[in-house]
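Work through the following exercises with the sequence and the 3D view side by side, and try each task before reading its solution.

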Amino acid sequence: MMMCGEVTQRVPSYRGMIKPRPAQRRHCWWWHSMALLCLGTLFLRIGDVAAAKTPCPLVESVDISNGVENADGSIELDGVRYGSNQYFRDANSTVRGCVCLLRQCLHICCPMGSPEGEPCPPVALNVNFSMTPDGTVHDVRNLLDSSSYHLLYFNPECSGALLTLYGDEYIVRSDGLLAYGASTYDYRHYCLQADEPTALAGYCETVDVLAMHRMYSIGIILSLPFLVATFVVYALLPEMQNIPGKSLMCYVACLTVGYLLLALMRFSVYSYRSGWCVATGYLVYAALLASFFWLNVMAFDIFWTFGGSRGRSSERRKFLYYSLYGWGAPLAIVALVALLDNTEFVHESMRPQIGAEQCFVSTEMLIGFLYMYLPMLLLVSANVAFFAVTAYRIFRMEQATASALSGESRRHTKHEKDRNRYSLYLRLFIIMGVTWTVEFVTWLVREPSWLIYLVDICNCLTGIFIFVLFVWKQKVKQLLLKRFGFSQASASRNDQHTNSTISTTRTTDLKANAETRLTDVTHGN
């Protein structure tokens, strides 16, 4: 009666889904349903009680039907004696002994490609073994030389991920616990895989640490359409394809490729140490480097614009120089990295090791600093210098021209347009430069911090920031409408108004305004 009473407490939440019926009929169906639920619950609980009486899980037992039964009820097989409370009969009445109660069980992770469900007996299982609980004294031992271990050829059940440890990162204690730093794991939460010189270990992370990686990847993927949209808009509008516009297109293309492949890496699409993993590592490395160099190109371009000496180089030749730098420098660095990584020019400890530990540069601090963060810091520092000098030059020019030019005429001068472009580039640099600087700080500290999540959020929103800064403008919308044949009359009126305004400026600025009038369209506030 108590079980029926317990089940009835769950029924009311479903009553709203049942069509009302006559009272007597509803009463009959209600009792039939209650009876079935009570019986089902009873059988389930009987099964749970029966399972609870099993001294060990079925997967941790062995068939001892061929063992010798002693007078005291124990069964002996292969030198192991199972007490009466250390074996049981399964559903097929087979006698099974709980071997893990008598021997130390170890899960063996079979290498990739091994037939599923079949044993993969290792030739040797060398581990750092310690007889002391703190693991201070240990030596390398082959666990197969001891008869006190029983091997289970299947992976442990993990609520989180099964993470890999190298032989020098863990210690197996005499009580069967795996020690990794201050954490210990029993045999049900780790496995060993034979390797040279010492076995690899996979331990169960109780918290799904890969969840943040997946969320970060999803955030980057959501940002990609905005990067693609920015590139497409600039590609569709010839008016926006001046040097600043082309530089931005190159920068956005680098970010798109780098972020897409980075998201795929975070989703673990590529197998560990596979050819695709290595190739993707080099592509991501090249794309991120190229994005830094093109951001540096834009900082230098605005610095050069306010420098006073523009030279006689044509726009095409100037962009050619920028392209040689923006694409050539990162490709040269990638070629050097590939050379060092696949030759004996430097010691193995100083190689970038792309694809060895992960599908990117090694996690070692010195290697990460030399091959990733050092170029980034140099370029970010150069950008800071360019923007600081440019800001000082703008301040001096503002002071010199404040009394000579009225507010209305200054709005249409090339100085005003370049100043607007500087403002946009400065905001872009703050978004990207400061983000990567904080990234470097968090990498240097190497401790969990809220800054890490802040950097991840900023990286996920990069595409949206760039789209809003450079595309989400009324003037860009008008150009798009004109490009596809809409609002012709409105566009014509705007052109006439622009021409009449430009004609009122000084004749000495006509050529400069003709060259950069679209800069005001593409980069104006």
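Rings of Phe, Tyr and Trp (its six-membered ring) pair if their centres lie within 6.5 Å, and planes under 30 degrees apart count as stacked, over 60 as edge-to-face and the rest as tilted. This is a predicted model, in which local features need pLDDT of at least 70 and side-chain atom pairs count only at pLDDT 80 or more, while totals for chains, interfaces and linings use all residues. Residues are numbered from 1 along each chain as its sequence is written, and side-chain values use heavy atoms, with hydrogens and water left out.

**Exercise 1.** Find which residues the ring pairs link into a cluster.

Solution. Applying the ring rule gives a count of 13 aromatic pairs. Ring pairs join Phe300, Phe303, Trp304, Tyr322 and Phe386 into a cluster.

**Exercise 2.** Classify the pair formed by tyrosine 185 and tyrosine 203.

Solution. The ring centres of tyrosine 185 and tyrosine 203 are 5.0 Å apart and their planes stand at 45°, so the pair is tilted. Finally, both tyrosine 185 and tyrosine 203 are buried, that is, under 20% relative accessible area with a 1.4 Å probe, protein chains only.

**Exercise 3.** Determine the strand order of the open sheet of five strands.

Solution. Count two strands as paired if DSSP finds at least two bridges between them. The order is then β10-β7-β15-β16-β11, with mixed pairing. The edge strands, β10 (149–152) and β11 (162–165), each pair on one side only. Within the sheet, β7 (residues 104–108) and β15 (residues 190–193) run parallel and are joined by two bridges; histidine 107 has cysteine 191 in β15 as its bridge partner.

How values were computed
Helices (H or I, at least four residues) and strands (E, at least two) are DSSP runs, numbered from the N terminus. Buried means under 20% relative accessible area, exposed over 50%, partly exposed in between (1.4 Å probe, protein chains only).
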